[in-house]
Amino acid sequence: MTIPHLTAADGTALPAIGLGTYQLNGSAGVDAIGHAIRAGYRLLDSAVNYENEGAVGRAARSAGDVRDEVIVTSKLPGRHHRYDEALTTIEESVFRTGLDHVDLYLIHWPNPKEDLYVQAWRALIEARERGLVRHIGLSNFLPEHIERLVAETGVAPVVNQIEVHPYFPQQEALDYHREQGILVQGWSPLGHGNDLKRHPVIVEIANAHGVSPAQTILAWHVARQVIPLPKAASPQRQVENLDVFGITLTDAQVEAITALGRPDGRLSDQDPAVYEEF
C-alpha cells in the first residue's frame, strides 16, 4: 500500500498516517509493530515515557528491505529538559533503539512553568548537528511556545504533535501551523474512552461511504492534512486504519465532523498552557 506524504517548509516529508505505539511493549509489542510495518506503516511514534523504544527499534531493525523507509520517532520527557540531561537522554534513546540515529525526535510537552523548553530545543538542535537524530520537532506546543523557540534559536520545528479529533478539531492551530510550514500530527485521533465512533454524524457518513466509523474519522484527518497516529495492536485494526486514502469525504462531510468540536473537547483537560508532564 502506497501512503501519501506531507512536506514541511524545510522539505522534510512524512507519511500521511503513522502508528501510535503507546502500550505496545516487549515481545508482543515487537510483533505488533512488525506486523504494522509489513502492512505498510512507515511512521512509528514512540517516546521515552512509553518505555518501548527498544521494541520499536527492534521492529524497525527487522524491517528488511523497507528499513530505510521507516521513520522512528521518540520524545524527550519533561524531567530531562535541561540541556546536558536532554543530550544524554537523546543518546540513550538512540542506544535503546539499537539504531544509528532516531529519525524524528520531539519535545514531549513544553512544561512552561518549568521554563526549560528552550534549553531542551537547543539540545535537540545539537543532537541533530551531531547526527544523533535526523529531524526535530515538538509535541503539545502552543504557537507562543513555538514563536519563542524560533526567536531565540532561529530554528523552526518540522512537526508539532497535538491532540486532534472531532471533539477537539483545533482549526485555529491547524491554520497557524499551515502558515508556518509546520506539519501537524494528531494524537488520540479516534478519541479515547468516549462515544465518538458511535456518534450519529460519524455513523451516517461512514454508512454513506461503506466504511467503518474509525476509517471515517481518519479520512477526516487526512482531508484536513493532519497526520493521524492511531494505535492498534491487532493486525485487522492496523490494516483497517491504514486503508483510508481511497475515502473522499465531501467538504460538507468534513465540515459536519469538524462541527462536533466542543469547548471542553480535550480528552483529559491537558492544556499545554498549564499542564505539565515529566
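## Basis of the description

Helices (H or I, at least four residues) and strands (E, at least two) are DSSP runs, numbered from the N terminus. The model is predicted, so local features need pLDDT of at least 70 and side-chain atom pairs count only at pLDDT 80 or more, while totals for chains, interfaces and linings use all residues. Residues are numbered from 1 along each chain as its sequence is written, and side-chain values use heavy atoms, with hydrogens and water left out.

## Two histidines

His108 lies in the loop between strand S6 (102-107) and helix H4 (117-129), and the unreviewed UniProt entry lists His108 under "binding site"; such annotations may be inferred rather than shown by experiment. His108 is buried, at a relative accessible area of 7%, where buried means under 20% with a 1.4 Å probe and protein chains only. Leaving aside residues up to four places away in sequence, its contacts include Lys75, Asn140 and Glu277, a contact being heavy atoms within 4.5 Å.

His145, in helix H5 (residues 143-153), is buried as well, with a relative accessible area of 5%. Beyond residues up to four places away in sequence, His145 touches Pro110, Pro112, Tyr117 and Pro272.

## Lining of the second largest pocket

Strand S2 (13-15) and strand S7 (133-139) each contribute at least two residues to the lining of the second largest pocket.

Note on methods: Buried < 20%, exposed > 50% of the residue type's maximum accessible area, 1.4 Å probe, protein only.
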